Amino acid sequence: MADPSTPRGTGRTLRQNVLSCLTTLSHGTAPFITTFILIHLAAPAAANLGGASFASQTMLLGREYYQTDFGEKYLVLAPLALHAVAGTAKRLLSPRKSPPRPPSSLLSLTGYSAMLLFLPIHFLTHRVYPSADAAPISNIGPSELDYEFVKLGLQKWPVTSWLLYAGLVCSVGLHMADGNAVMWNRYFRDTAVRSWAAAGKLSKRFSARAKVLVGLVLPVLSGLYFISKEPLMVFPSMVQRFEAVFRSSWIYRL
């Protein structure tokens, strides 16, 4: 029975409560994902200053956050999984007449392209396949898997590697820009400011995207470019192991 003190028309249905929880879950995991992305992408961006060597050193520092037993499970993989599940469930449970946003929106397109294509390929190629025990890979350890691995991929499979890296960085960066704008308008703007922002919403959204492209995407891609132009600095035996990792992925066998 409804609470008599609740005014008529203000009660929330089960669906509304579930959608509200999914929104909170999606937004609550975003800061963890953003932190991981910024730390992870600091390594290729560092190549602008010191090439693959500096990128590898920066990556080793970042791994203290995102590749420990605790960090990888609870600060990276769990937030990513919860964010993806919450966003997908929210779309499936929302009424058809009022979806969270059109599937053709940039936020949706970048999110699903990253979740369904770029992130799985990247994670398998850079995290799962190198740990295979069978020869010739023979379990490439974290200390061996540095930016020489990335360099080999860029030089031997330039088209595939550039499409995957650029697609991943652009998708994640633009998704983060639009998502942060949504969260800012929801949590940090008062009613008056939100009303003012609504008029300039389109221009401000484009401004956020431009800042991400210039401040995040461009330095990462330029860093990868400098890495790709350096000579390969690994032994032939390690080259064979690296190549075997890349060939474990279906897209590098096309």
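Guide: Buried here means under 20% relative accessible area. By that cut-off, 38% of the 254 residues in the protein chain are buried. Keep in mind that this is a predicted model.

First, the setting. The protein chain has eight helices and zero strands. Along the sequence the pattern reads α-α-α-α-α-α-α-α. Of the contacts between residues at least 6 apart in sequence, 78% join residues at least 24 apart.

Now the cavity. The count comes to one cavity of 30 Å³ or more. About 70 Å³ of space lies in the largest cavity. Its lining is made up of Phe-118, Ile-121, His-122, Thr-125, His-126, Leu-164, Tyr-165, Leu-168 and Tyr-252. Two elements give two or more residues each to that lining: helix H3 (106-128) and helix H5 (158-187). H3 gives the most, with five residues. By class, the lining has six nonpolar residues, three polar ones and no charged ones.

Arg-63 lies in helix H1, which spans residues 14-66. Arg-63 is buried, yet has no salt bridge. The nearest side chain of opposite charge belongs to Asp-146, 7.7 Å away. A salt bridge calls for a side-chain nitrogen within 4 Å of a carboxyl oxygen. Leaving aside residues up to four places away in sequence, Arg-63 touches Thr-68, Pro-142, Ser-143 and Leu-145.

Notes:
Residues are numbered from 1 along each chain as its sequence is written. This is a predicted model: local features need pLDDT of at least 70, side-chain atom pairs count only at pLDDT 80 or more; totals for chains, interfaces and linings use all residues. Side-chain values use heavy atoms; hydrogens and water are left out. Helices (H or I, at least four residues) and strands (E, at least two) are DSSP runs, numbered from the N terminus. Buried means under 20% relative accessible area, exposed over 50%, partly exposed in between (1.4 Å probe, protein chains only). Lys and Arg count as positive and Asp and Glu as negative; His and the chain ends are not counted. Contact means heavy atoms within 4.5 Å. On a 1 Å grid over the protein atoms alone, a cavity is a set of points where a 1.4 Å probe fits but cannot get out, and a pocket is an open set with protein on both sides within 12 Å along at least five of seven lines; lining residues have an atom within 4 Å of a point. Grid points are joined across faces, edges and corners, and a volume is the space filled by probe spheres set on the points. Ala, Val, Leu, Ile, Met, Phe, Trp, Tyr, Cys and Pro count as nonpolar, Asp, Glu, Lys and Arg as charged, and the others, Gly among them, as polar.
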